2 protein chains.
Amino acid sequence: MKQSNDHGSLEELRGQIDECDVQLAKLLARRQELVKKAAQAKALHKDAAYSKEREQYLMQSREQMAKAAGLPAGLMSDVIKRVLRESYRSGGTGSYPKLMQGDGKVVIIGGNGGMGKIFTRYFEASGYEVTGFGHRGWDKAQEYFENARIVIVTVPIDITIEIIKKTAPYLSKDTILCDLTSVKGPIVDAMLKYHQGPVLGLHPMFGPDIKNLVKQVVVTVSAREQEKSAFLVEQLKLWGAKTVECDAYDHDKAMSIIQALRHFTTYAYGTFMASMKADLKQLLELSSPIYRLELMMVGRLFAQDPRLYADIIMSSERNLKLLSDYVEHLKPELDTVMNKDAAEFERRFLEAREYFGPLSEQFLKESGSLLAKFQDQR
Amino acid sequence: MKQSNDHGSLEELRGQIDECDVQLAKLLARRQELVKKAAQAKALHKDAAYSKEREQYLMQSREQMAKAAGLPAGLMSDVIKRVLRESYRSGGTGSYPKLMQGDGKVVIIGGNGGMGKIFTRYFEASGYEVTGFGHRGWDKAQEYFENARIVIVTVPIDITIEIIKKTAPYLSKDTILCDLTSVKGPIVDAMLKYHQGPVLGLHPMFGPDIKNLVKQVVVTVSAREQEKSAFLVEQLKLWGAKTVECDAYDHDKAMSIIQALRHFTTYAYGTFMASMKADLKQLLELSSPIYRLELMMVGRLFAQDPRLYADIIMSSERNLKLLSDYVEHLKPELDTVMNKDAAEFERRFLEAREYFGPLSEQFLKESGSLLAKFQDQR
């Protein structure tokens, strides 16, 4: 009889957990309502959609509440972070203050592309008048560019300079000319050459699949008359982005590593797996979360636009040199393992550890906590 | 005056949010208490620490509650998943039913290593008697092996076969001999050769840094007298692991890709960055979440044990052949980009897309949702 009693008690406990969760859902809904009202109050004061200070304060105070309630460390702040994301997201479809003084509109050349659409949405949500057109719109260009205050070029990289050249004659000396290309040096040079007014190069460090701009990096290259385009950088911040001002050529050097080398190696890893016809189903079956994550980072590339990746990888001679150096670098590494030279492997390994410094430990910890979330999800 | 009123109202709203969160913390604490009681009730009935069915039921019913309360999709189930993780974790330090019938103890050779410690902890939490010893324990071997029912060898891979040979004479015909090596073919063969009783090869697909076994994959190779070691596989499941039975040599073939190729490319990427002395601080400053994640997956490797990675990478001739094929494969890929042959790049890209099939889209979606969590975290 003991067994059936225990089962009864398990059922009872599950019933109480259900009740708990109904209350939890109601409480979260009430919280969302309050946050929505607070966002409206903030928008009235032209406060940014995202404030790091406020988030830090929230996290600290919530952990104190959690401790007082006897909860394990990290649980409450994780829950609040998840709830905050929802408010940022709904913020993305809400409205923002417009920081531009005076009149004039925003013209986005290539406005129907993925990136063009995101910026159109944000500008419109802030009360800007936006005109977008593509390669078929040039016969109406005079009309489109009328009263343009901000002009953003977001077209495939190999025709960007040509389009800048074609655009410049329509612009006044007060028009801010921008691009969204992943290369900055030659593009910013072209904007400075063909246009006489303010020039602001932008590199949004994300793909068109993002849900909103919160915590996304946008590199800014304020190349001429920074004071005239400063409001636009502030506007990006207000939308939640993290802007990083950078020299155009320093930016390009960093991107060779951040984008070109990474994408090339991921691409080549994927094409190698395809050429081997490795059994993906079996690989996944045998993969713990960390290995699934590794495979995911490769496979996700191929759901995206090959043209975009070709553009990024082949965009400069520096990139090609770097990739060729990388392939060269693999030869001694391969020799080391072919010779089963564990001592040499270890030596090189420890050199890299020194290079990464405290970051390798930090990354291990960070990835552990990320993997925990990845596991929650699956 | 309007402004100060609004600010007052923002303050008021924030006060209400604070109150909301105090209630939230209390509610979560109450929920944890109920879950703890339910876990105790489950343990009495030898139910597994993790049940996929129960989790699926929970997720569905919670989303219905959330919908009824007017919450956006996904929020409530994410919160519950986070809370569940906490219960799995505390489960890891709790107690589990012992599935072994009859008496006998567990002997772990290499019990002081990372993996040995994890298994010691779990066996002890399930009421098993565990003896662990390392290379200095062999003079007391007779005593250690007395009444051993399960013997697990977890020593560096290059001495594993030697240790198996040394161990076998101490075992009875009923002792289950296991190893935890990342190579199964030759190791399982050695166990079959030197030991007469049940043989169970195990490959825990995770590093010693995991917090608990929930959702971690353990590959099992039931090589002899499966009926005698079946309880041990069930015991792993009870601890939350996902076990996958596999042929030893099929396993090794898959691991060449899942582990050796992946670790080698990550290692070589890291040593290349180190050799270039790339400015990590600047790279991170310019990295959006997805690029930080990519860099993190490289850097985390170097916080770990070089010996372990050398072992995994150099563990078989097949691995070396695969790595050498990979480096060969990079040559035509490099030529393609050096020639700026975007059409050929696209052709190869689309071939890989076809190979990944629906998985590439699925991975893109999955990584998007993971990145959202990664951003919450930062």
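**A walk along the A–B interface**

Visitor: How many salt bridges does the rule find across the interface of chain A and chain B?
Guide: In this predicted model, the rule finds 14 salt bridges across that interface.

Visitor: What makes the pair A:Asp78 and B:Arg82 a salt bridge?
Guide: Their closest N and O atoms are 2.5 Å apart. The cut-off for a side-chain nitrogen of Arg and a carboxyl oxygen of Asp is 4 Å, so the pair A:Asp78 and B:Arg82 counts as a salt bridge.

Visitor: Which helix gives the largest share of the side of chain A that touches chain B?
Guide: That is helix α1 of chain A, residues 2-44, which brings 30 residues to that side. By class, the side of chain A that touches chain B holds 90 nonpolar, 29 polar and 42 charged residues.

Visitor: How many residues of each chain are in contact?
Guide: On chain A there are 161, and they are in contact with 161 residues of chain B. Together the two chains bury about 16,200 Å², with 70% of it on carbon and sulfur atoms. A:Tyr269, A:Leu286 and A:Tyr355 supply 5% of the area that chain A buries against chain B, more than any other three residues.

Visitor: Now to a single residue. Why is A:Asn112 called exposed?
Guide: Exposed means over 50% relative accessible area. A:Asn112 has 66% relative accessibility, so the residue counts as exposed.

Visitor: Where in chain A is A:Asn112 found?
Guide: Look in the loop between β1 (105-109) and α4 (114-125). The C-alpha atom of A:Asn112 is 7.2 Å from that of A:Phe133, although 21 residues separate them along the chain.

Terms used:
Residues numbered from 1 in each chain as written. Chains lettered and ligands numbered in written order. Predicted model: local features only at pLDDT ≥ 70, side-chain atom pairs only at ≥ 80, totals over all residues. Heavy atoms only, no water. Helix = DSSP H or I, 4+ residues; strand = E, 2+ residues; numbered from the N terminus. Buried < 20%, exposed > 50% of the residue type's maximum accessible area, 1.4 Å probe, protein only. Contact = heavy atoms within 4.5 Å. Buried area = accessible area lost by both parts, 1.4 Å probe. Nonpolar A, V, L, I, M, F, W, Y, C, P; charged D, E, K, R; others polar.
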